[in-house]
Amino acid sequence: MGVVYDRNLTIRSVIENLSDVGLPEGEPEITEVKVPGLITVKDACLLITYRENTEGGAVFSTVKIEDDTVSVQRRGAISFDMHFGEADECGIYRIEPYAFDYQLHTLKIRKEFERAVGKLDIFYELRIGGAQKKVCFSLCAEAK
């Protein structure tokens, strides 16, 4: 089962639209939410779960950190599974009633946790619905 910690989480994403030649276009889309969450520590794995309310409804998220990989699963008003690591990833991103295919390429993963307190940063390139984007996803966990 592992040890479960109650934490305050800050989730932030910065999304830049890229031109055909890979240069940023326009202003980046920045979102940041603060939510309560749980972090389960078992062996070398961290499992972070939280719920956030979006304009379209509730979204339940699970972030699994293992060795050099990170998996993000979201269900609810937004639905997708993304895996970050050495291999490129393809999948479907759903915001009901729409669905978009995506491809992602992980650029860098930085993680630093001690006793379920710390920070995760994922830098990646994303092609979704034909649009090219550069994304920085950050998750910060603090003790309550």
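**Entry 1: Arg 74**

I began with Arg 74, which touches Glu 52, Val 59, Phe 60, Ser 61, Ser 79 and Phe 80, leaving out residues up to four places away in sequence. Contact here means heavy atoms within 4.5 Å. Before going on, I noted that this is a predicted model, in which local features need pLDDT of at least 70, side-chain atom pairs count only at pLDDT 80 or more, and totals for chains, interfaces and linings use all residues. I also noted that residues are numbered from 1 along each chain as its sequence is written, and that side-chain values use heavy atoms, with hydrogens and water left out.

Where does Arg 74 sit? I found Arg 74 in strand S5. Strands are DSSP runs (E, at least two residues), numbered from the N terminus. Is Arg 74 buried or exposed? Arg 74 counts as buried because its relative accessibility is 13%. For that label, buried means under 20% relative accessible area, exposed over 50%, and partly exposed in between (1.4 Å probe, protein chains only).

**Entry 2: Ser 61, the partner**

Next I looked at the side chains of Arg 74 and Ser 61, which are joined by a polar contact of 3.0 Å. A polar contact is a pair of N or O atoms within 3.5 Å; within protein, one must be able to donate a hydrogen and the other to accept it, and residues adjacent in sequence count only if both atoms are side-chain atoms.

Ser 61 lies in strand S4 (residues 57-66). Ser 61 counts as buried because its relative accessibility is 2%. Setting aside neighbours within four places in sequence, I listed the contacts of Ser 61 as Ile 48, Thr 49, Tyr 50, Glu 52, Gln 73 and Arg 74.

**Entry 3: strand S6 and its neighbours**

Strand S5 (residues 69-76) and S6 run antiparallel and are joined by five bridges. Two strands pair if DSSP finds at least two bridges between them. I saw that S5 and S6 make a hairpin with one residue between them.

How many residues of strand S6 are buried? Strand S6 (residues 78-84) is mostly covered, with five of its seven residues buried. On to strand S7 (residues 89-95): S6 pairs with S7 in the antiparallel sense over two bridges, and a hairpin joins S6 to S7 through four residues. Here I noted Ile 78 opposite Ile 95 in S7.

S7 in turn pairs with strand S8 (residues 98-114), also antiparallel, over seven bridges. Tyr 93 stands opposite Phe 100 in S8.

**Entry 4: aromatic pairs**

How many aromatic pairs are there in the whole structure? My search found two. Rings of Phe, Tyr and Trp (its six-membered ring) pair if their centres lie within 6.5 Å; planes under 30 degrees apart count as stacked, over 60 as edge-to-face and the rest as tilted.

Phe 80 counts as buried because its relative accessibility is 8%. Tyr 93 counts as buried too, at 16% relative accessibility.

The pair of Phe 84 and Tyr 124 is tilted, at 4.8 Å centre to centre and 55° between the planes. This pair also links distant parts of the chain: Phe 84 is in strand S6 and Tyr 124 in strand S9 (residues 117-128), 40 residues apart. I have Phe 84 as buried, with a relative accessible area of 4%, and Tyr 124 as buried, with 8%.

**Entry 5: the core**

Tyr 124 turned up again in the largest nonpolar core, which has 30 residues; Tyr 124 is among those with the most contacts inside it, along with Leu 9, Tyr 50, Val 63, Met 82 and Leu 139. S9 gives the largest share of this core, five residues. A nonpolar core is a set of buried Ala, Val, Leu, Ile, Met, Phe, Trp, Tyr and Cys residues joined through side-chain atoms within 4.5 Å.

**Entry 6: the barrel**

Last, I stepped back to the whole fold. A closed barrel of 10 strands runs S1-S2-S3-S4-S5-S6-S7-S8-S9-S10, with antiparallel pairing.
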